[in-house]
Amino acid sequence: MKILLVDDSNTMRRIQRNTLSGLGFTDVDEAEDGADAVAKVQAGNYDLVLMDWNMPNMTGIEALKAIRANAQTAAVPVIMVTSESEKTRILEAIQSGATNYIVKPFTPDVLREKLAALGK
Amino acid sequence: MRAELINPFLKATVSTFTTMVNTTPTPGKPFVKVEPGLSHDVSGIIGLSGGAKGAVIISFPSETALTTVSAFIGTSVTTVDADVTDAVGELANIIAGAAKADLSGLNVNISLPSVVVGTNHKVNTPKDIPSVVIPFSCTHGEFVVEVCIALT
């Protein structure tokens, strides 16, 4: 499974990459903001995108909407991984097309459960 | 200052460290900050706006920052470099985000994190906004979370 990690924090990308590696997922690319993510999703065949919300240049929710608006990428699963934990934000993400939602802080078990829910 | 504005940050700090840093920090007695405040070596700062204004600041001595970040990222770090400042900023971001959920009635917005590095630096906060310092101790050492917040 090919996964795109999107987070402006190098730390969070590293933590998630290590967690995914521990779960057996090693085909992982990275993007530093929403615009970078949209470009990479359009250029590559990703099976899953893990998307932060608050990023410079283009936020995660804007990137999610752009991915859903493009017929070529609309079906790519996108899980928001963010510190935005208010119910209204979660609802906004789901209504914008998020496949699932992980609130920081999270444990590896949470990521494992969300991937299992996708059948990955 | 109203405790209901401070407690979410205390809870969020304990939760974040327990979940992502593998240690459960023990909070000490919070106290109102008197300028110029305590000296620190590494501070992560998140601005608050919207229904409340101010900032939340997590500050470490260098040694505590290094051991905390090592546990957070799963790799030993020995100098305060870009990886450490990024990690401290992310810790501040996660704490502020988690606290925000408990303040959801206020529609608080949080900024992207800023990080200040410098031996014995002090972080000034606006004089017109009360500021409470929550000291913590954990297996990695001692640190403080400062909550400077007022309703708008």
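Predicted model: local features only at pLDDT ≥ 70, side-chain atom pairs only at ≥ 80, totals over all residues.
Biologist: Where do I start with two packed helices?

Modeller: Two packed helices are described by the angle between their axes and the distance between the axes. Take α2 (residues 34-43) and α3 (residues 60-69) of chain A. Their axes come within 8 Å and cross at roughly 25°.

Biologist: Are α2(A) and α3(A) roughly parallel or roughly antiparallel to each other?

Modeller: Angles under 35 degrees count as roughly parallel. So α2(A) and α3(A) are roughly parallel to each other. The crossing of α2(A) past α3(A) is right-handed.

Biologist: Which residues make the contact between α2(A) and α3(A)?

Modeller: From α2(A), look for Gly34(A), Ala37(A), Val38(A) and Val41(A). From α3(A), look for Gly60(A), Glu62(A), Ala63(A), Ala66(A) and Ile67(A). By class, this contact has six nonpolar, two polar and one charged residues.

Biologist: Which residues of α3(A) are buried?

Modeller: They are Gly60(A), Ile61(A), Ala63(A), Leu64(A) and Ile67(A). Their arc around the axis is only 160°, so they sit on the same side of α3(A).

Biologist: What do the buried residues of α3(A) pack against?

Modeller: They pack against β1 (3-6), α2, β3 (48-51), β4 (78-82) and α4 (87-95) of chain A.

Biologist: Now a single residue. Is Asp8(A) buried or exposed?

Modeller: Count the C-beta neighbours. A residue with 20 or more other C-beta atoms within 10 Å is buried. Asp8(A) has 24 inside 10 Å, so Asp8(A) counts as buried. Asp8(A) lies in the loop between β1 and α1 (10-22) of chain A.

Biologist: What does Asp8(A) touch?

Modeller: Leave out residues up to four places away in sequence. Then Asp8(A) touches Glu32(A), Asp33(A), Asp52(A), Met55(A) and Pro56(A).

Biologist: Let us turn to chain B. How do α1(B) and α3(B) cross?

Modeller: The axes of α1(B) and α3(B) come within 8 Å and cross at roughly 130°. That angle makes α1(B) oblique to α3(B). The crossing is right-handed.

Biologist: Which residues make that contact?

Modeller: Among them are Pro8(B), Phe9(B) and Ala12(B) of α1(B), and Leu91(B), Ile94(B) and Ala98(B) of α3(B). By class, the contact of α1(B) with α3(B) has eight nonpolar, three polar and two charged residues.

Biologist: How many residues of chain B are in contact with chain A?

Modeller: The size of an interface is often given as the accessible area lost when the parts come together. Here we count residues instead. On chain B, 19 residues are in contact with 17 residues of chain A. Two elements of chain B give two or more residues to this side: α1 (3-20) and α3 (82-102). The largest share, eleven residues, comes from α3(B). By class, the side of chain B that touches chain A has seven nonpolar, eight polar and four charged residues.

Biologist: What should I look for in the backbone?

Modeller: Most residues other than glycine have a negative phi, and most peptide bonds are trans. Look for the exceptions. The peptide bond from Lys104(A) to Pro105(A) is cis, with omega near 0°. Pro105(A) is in the loop between β5 (100-103) and α5 (108-117) of chain A.

Biologist: What about phi in Asn107(B) and Asn120(B)?

Modeller: Asn107(B) is not a glycine, yet has a positive phi of about 55°. Asn107(B) sits in the loop between α3 and β5 (108-110) of chain B. Asn120(B) also has a positive phi, of about 60°. Asn120(B) is in strand β6 (residues 114-121) of chain B.

Biologist: How exposed are they?

Modeller: Asn107(B) is partly exposed, with 14 other C-beta atoms within 10 Å. Asn120(B) has 9 C-beta neighbours inside 10 Å, so Asn120(B) counts as exposed.

Definitions and conventions
Residues numbered from 1 in each chain as written. Chains lettered and ligands numbered in written order. Contact = placed C-beta atoms within 7 Å. Helix = DSSP H or I, 4+ residues; strand = E, 2+ residues; numbered from the N terminus. Nonpolar A, V, L, I, M, F, W, Y, C, P; charged D, E, K, R; others polar. Axes fitted to C-alpha atoms, helices over the stretch in contact; angles between N-to-C directions. Parallel < 35°, antiparallel > 145°, perpendicular 65-115°, else oblique. Left-handed = near helix turned anticlockwise from the far one by under 90°. Buried ≥ 20, exposed ≤ 12 C-beta atoms within 10 Å, placed from the backbone. Arc of directions from axis to C-beta.
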